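Dear colleague,

Please find the structure below.

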Amino acid sequence: MCGIVGYVGPRRAAPILLEGLKRLEYRGYDSAGIAVGQGSGVLASVRRVGKIRVLKEAVPKSLEGIWGIGHTRWATHGGVTEANTHPHFDCSGKIAVAHNGIIENYRALRGMLSKEGAVFTSETDTEVVPKLVAKYYEGDLEAAVKAALAHLEGTYGIAVIHADEPGRIVGARNGSPLIVGVGENEMFIGSDVMAFISSTSRVVYLNDGEVVSLDAASFKITDRADVQVDRKADAVTWELGEIEKDGYPCYMEKEIFEQPDSIGRALGGRLDRENATAKLGGLNLDRRFQRAVSRVSIIAAGTSWHASLVGAQLLESVARIPASAELSSELRYRNPVVEPASLWFAVSQSGETADTLYAMREIQRKGANVLGICNVVGSTIARESDGGVYVHSGPEIAVASTKAFTSQLAAFYLFTLHMARMRDMSRSEGERFLAALASVPDKVKETLGGRDRIQAIAKKYSRAGDFLFLGRGLLYPIALEGALKLKEISYIHAEGYAAGEIKHGPIALISGEVPSVFLVPHDPLREKVISNIREVKARGGPVIAVGIEGDEELAGLVDDFIPVPAMDWRFYPFTMVVPLQLFAYFCALELGRDVDQPRNLAKSVTVE
Ligand code: G6P
């Protein structure tokens, strides 16, 4: 989704802004632009529809100016046109604004400002912001921005510059993330740390309602009551090396193959062998409350929701705590019952998904503890939750989530072990569970060894127009995830279904042209899934099965077989999702898709 970058310092701003925009590409966008102060009372601006490289080619190499802002736009209000691309300007062209979020009352503001003579050149909600700032500008950009903000309803992260105030950037946050990067005699502003990570790892997170005014040497934050806030810089732990492709053709492939390590990091230091349990340092919950928890409710979106569905089943079956996972966008508007002994989780890779954040705030308002399971350290959900678990996947750049998913699973398995050991799980059962969990990175590594076979199968099927993904129990959410991966990056229509449900509808779709991907573990439901496969085969449907190494019966029954190594059946979600990630990836490659930045999608969905 939209990205913001801003720079002020001794260096030429344009190349720094362009690099920042390049690093924000992963968020998803359709157009981009920059505005750079020229020091002589004018702003130079270049905006283009399409990729950053198109913008880069259009920016004159000689463009001077030591402060400026840039933006990647993901269209919400108004089509994908150059006129709608940010930055947007006031009528004099001296004030430029880059904005993330949605100004909900923009129509009324536009009407008011038009009556006062403002001429609008775009269809965006954003354009009211520079016009409002101009209305209040009397030589002090910070004061004018604050006066303008008083009119805005909705969400925003904004960065504003004025041609007559060289070396100053004013930012404001309400619902859309904004972060200051503190360098050596230079300052940055960005919607996430990627915007400036190659220049500094010292960051200052803004909270909702805060305004920041920065120049090359200093930053000043004020809160809603206009009181100055004293805030120290935090260090970002991500290294630049982690956000390079590292020899892989794209980020998604790199991230899929990183999973043995990223799962290892999620488990790192958290397996307590002495007590046959898991240690989770950040829960911030009194032990008596943990013991008394009578329900766990989980909110999330997209891939994080699929991990949550596995987590809920696991908590219920292993720790014997009633648990459910719900889409945050649904929960938010249905006034849920929040019981006193309930524990909530908000699960989000980015920690910025608007639906999950707002749903979390609603649950907190009702008095419950909400724990975060996040990847991005310092993200809004991580900071506002009452405690939680960082999954430590490292930066996930491909839009389609892979390594964050398996790390979220790891967090749920750890939490389940911890809660189960506080309840009925015996020490010896705890030891078995812990040993299986510790073996996951190696089993995933072995599964990745099937890459060539999976590529060949993907090649064979990539021209199909529709797919079904089918699994039961803990693997039903994995079927949903397999279908989602395929849709996201190859644009092939796919449906994930509980295998037992196919006879209630989807079986009508089965034909020689519609392949089904079945997940077949050695678990108590194996025979049931085999019956479901027979139902599909009887109707002429091609079947690909992800099953257990050495399962000759299954291999003989299906058209194509992808083996994963045998292990405790409760842990197959980790290994069985991997072939599905690779299958989607290779189908997308086969079809020539843009794997890392699929059309219409955003990595971090910061609007509702
Ligand atoms: C977007 C991304 C998905 C992601 C979902 C939830 O739709 O494209 O890959 O699963 O948001 O994101 P979160 O950061 O909250 O996990």
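How many nonpolar, polar and charged residues does the lining of the second largest pocket have? The lining has eight nonpolar, one polar and nine charged residues, where Ala, Val, Leu, Ile, Met, Phe, Trp, Tyr, Cys and Pro count as nonpolar, Asp, Glu, Lys and Arg as charged, and the others, Gly among them, as polar.

This is a predicted model, in which local features need pLDDT of at least 70 and side-chain atom pairs count only at pLDDT 80 or more, while totals for chains, interfaces and linings use all residues. Residues are numbered from 1 along each chain as its sequence is written, and side-chain values use heavy atoms, with hydrogens and water left out.

The second largest pocket holds about 370 Å³ of space. (On a 1 Å grid over the protein atoms alone, a pocket is an open set of points with protein on both sides within 12 Å along at least five of seven lines, a cavity is a set where a 1.4 Å probe fits but cannot get out, and lining residues have an atom within 4 Å of a point; grid points are joined across faces, edges and corners, and a volume is the space filled by probe spheres set on the points.) Its lining comprises 18 residues, and nearest the centre lie Lys 22, Glu 25, Lys 245, Tyr 251 and Gln 597. Helix α1 gives the most to this lining, with three residues (helices are DSSP runs of H or I with at least four residues, strands runs of E with at least two, numbered from the N terminus).

The largest pocket has a volume of about 620 Å³. Of its 34 lining residues, Ala 301, Gly 302, Thr 303, Leu 484 and Glu 488 are the closest to the centre. α17 gives the most to this lining, with six residues. By class, the lining of the largest pocket divides into 15 nonpolar, 12 polar and seven charged residues.

Three cavities of 30 Å³ or more were found in a search of the whole structure. The largest cavity has a volume of about 70 Å³, and the residues that line it include Trp 74, His 77, His 86, His 99 and Asp 125.

Finally, helices α16 (residues 451-461) and α20 (residues 572-590) pack at an angle of about 50°, with their axes 8 Å apart (axes are lines fitted to C-alpha atoms, for helices over the stretch in contact, and angles run from 0 to 180 degrees between N-to-C directions; contact means heavy atoms within 4.5 Å). Residues of α16 that meet α20 include Ile 454, Ile 457 and Tyr 461. The residues of this contact divide into nine nonpolar, one polar and three charged.

With kind regards
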